[in-house]
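Student: I would like to learn how to read a structural model feature by feature. Could you take me through one, giving the general idea before the particular case?

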Amino acid sequence: MFSLSQDAVKIVKEKIIPFVEQLNCKVLHLANGTTVIDMGVEAPGGWLAGKLFVEATIAGLGHVDFGRFQLGSIDLPSIDVYIDHPQEACLSSQFSSWPMPPVPAGVIQKMGSGPARAIAKKDMFVNLWEYTDTAHETVFGYQSYTMPSEELANQIVTACRICPENLYILVAKTGSIAGSIQVCSRTVETSIWRLHKSGLDLHKVICGMGTCPIAPPSRDEFKAMVRANSAVIYGGMVRYVVDCSDAEIEAILPVLPTMAAKRYGMPFGQMFEEGGRDIFKTDKDINSVALWEIQNYNTGTVFHVGEIKRRVFAGNHRIEICGW
């Protein structure tokens, strides 16, 4: 079996660190020896930095590229992902569910992702899939508006049972261009969890792809969180190939898209505030993407459900994404 961590470390060592200057990034070393790559906190980062952040946090298990999102007069760049192992790439790695210490009320919760999760196995989402990794080096994706501390690095290496000098932390705030790209790339990540929640056996999922408009960057981290997450839930689309009966797909179709949520159309910012600015305390019913296509390899049937509504995505006063 392949190692998520080995493949992610290879991306960091071969595609990121040697080109850190060209990527508008910075490399730092904590006192304990951990390597930190600043891809959008104090360093500006950029388009390629965001693309490589995604590649590393899905451990190279897919193709990541830029595209174009058009919806009437709206014309935005998009981030497109094509993933052949969505269970391992997303549930075991990209999901931002590393256990983080609580923060004071009103402070945006930071998030951790990456293949380190598949070694530590410390959160509920990584345990939805049976994959477990063993490696002496690993990568941790840190969505944060501050640089990682030595204390955080020590917590990660302890959980992963590795030496501090073998940990590589990629960090970017949501409001940076790299941070926005990596959040908006999470179409397959968000939807694979929705498939699980809906009751589909994930062993029957062959591959998945997704596309999402990239939210414009902002120094205001709250605005950036609202923009990026609104882009996924109200503007994201996914396409899956599965191998099962048509009846299994038909049974879950009505509950898959964002419009199936009771609070569909409500400003994400309002829900985010209700959850104390902690994404995992925000109404989980809204966590999906707007448009789905499921191709059944077993029967050849292609199913579609959901819709990207222009008035909801950008033209309705209720949706904060229109403020960008």
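Student: Is Val 36 buried or exposed?

Tutor: Burial is judged from relative accessible area, where buried means under 20%, exposed means over 50% and partly exposed lies in between, using a 1.4 Å probe and protein chains only. Val 36 has a relative accessibility of 2%, so it counts as buried. This is a predicted model, in which local features need pLDDT of at least 70 and side-chain atom pairs count only at pLDDT 80 or more, while totals for chains, interfaces and linings use all residues. Residues are numbered from 1 along each chain as its sequence is written, and side-chain values use heavy atoms, with hydrogens and water left out.

Student: Where does Val 36 sit, and which residues does Val 36 touch?

Tutor: Helices (H or I, at least four residues) and strands (E, at least two) are DSSP runs numbered from the N terminus, and Val 36 belongs to strand E2, residues 35-40. A contact means heavy atoms within 4.5 Å; not counting residues up to four places away in sequence, Val 36 touches Lys 26, Val 27, Leu 28, Leu 30, Met 147, Pro 148, Ile 169 and Val 171. As for Gln 143, it is 107 residues from Val 36 in sequence, and the two are 13 Å apart in space, C-alpha to C-alpha.

Student: What share of the contacts in the protein joins residues 24 or more positions apart?

Tutor: Among contacts with a separation of 6 or more, residues 24 or more positions apart account for 72%. The protein has 11 helices and 11 strands. Its radius of gyration, taken over C-alpha atoms, is 19 Å, close to the 20 Å that the globule rule (2.2 Å times the number of residues to the power 0.38) gives for 324 residues, so the protein is as compact as a globular protein of that length. Of the 324 residues, 61% count as buried, and the C-alpha atoms fill a box of roughly 55 × 45 × 35 Å along the principal axes.

Student: How many residues of helix H2 are buried?

Tutor: In helix H2 (residues 47-57), 9 of the 11 residues are buried, so this helix is largely enclosed by the rest of the structure. Lys 51 lies in H2 and is buried, with a relative accessible area of 17%. Leaving out residues up to four places away in sequence, Lys 51 touches Val 64, Asp 65, Phe 66 and Ile 181.

Student: What should I look for in the backbone after H2?

Tutor: Most residues other than glycine have a negative phi. Ala 59, which follows H2, has a positive phi near 55 degrees; Ala 59 lies in the loop between H2 and strand E3 (62-71), and at 2% relative accessibility it counts as buried. Arg 277 also has a positive phi, about 60 degrees, although it is not a glycine, and Arg 277 is found in the loop between helix H10 (268-274) and strand E10 (291-296).

Student: How many residues does the largest nonpolar core have?

Tutor: A nonpolar core is a set of buried Ala, Val, Leu, Ile, Met, Phe, Trp, Tyr and Cys residues joined through side-chain atoms within 4.5 Å. The largest has 66 residues, and those with the most contacts inside it are Met 39, Leu 170, Leu 195, Tyr 240 and Trp 292. Helix H1 (residues 4-16) gives the largest share of this core, 6 residues. A second, separate core of 22 residues includes Phe 69, Ile 108, Tyr 264 and Phe 272.

Student: How much space lies in the largest cavity, and which residues lie nearest its centre?

Tutor: On a 1 Å grid over the protein atoms alone, a cavity is a set of points where a 1.4 Å probe fits but cannot get out, and lining residues have an atom within 4 Å of a point; points are joined across faces, edges and corners, and a volume is the space filled by probe spheres set on them. The count comes to 1 cavity of 30 Å³ or more, and about 360 Å³ of space lies in the largest cavity. Its lining has 19 residues, of which Glu 189, Thr 190, Asn 229, Ile 279 and Asn 287 lie nearest its centre. Helix H8 gives the most to this lining, with 4 residues.

How values were computed: 1 Å grid on protein atoms, 1.4 Å probe; cavity = no way out; pocket = protein on both sides within 12 Å on 5 of 7 lines; lining within 4 Å.
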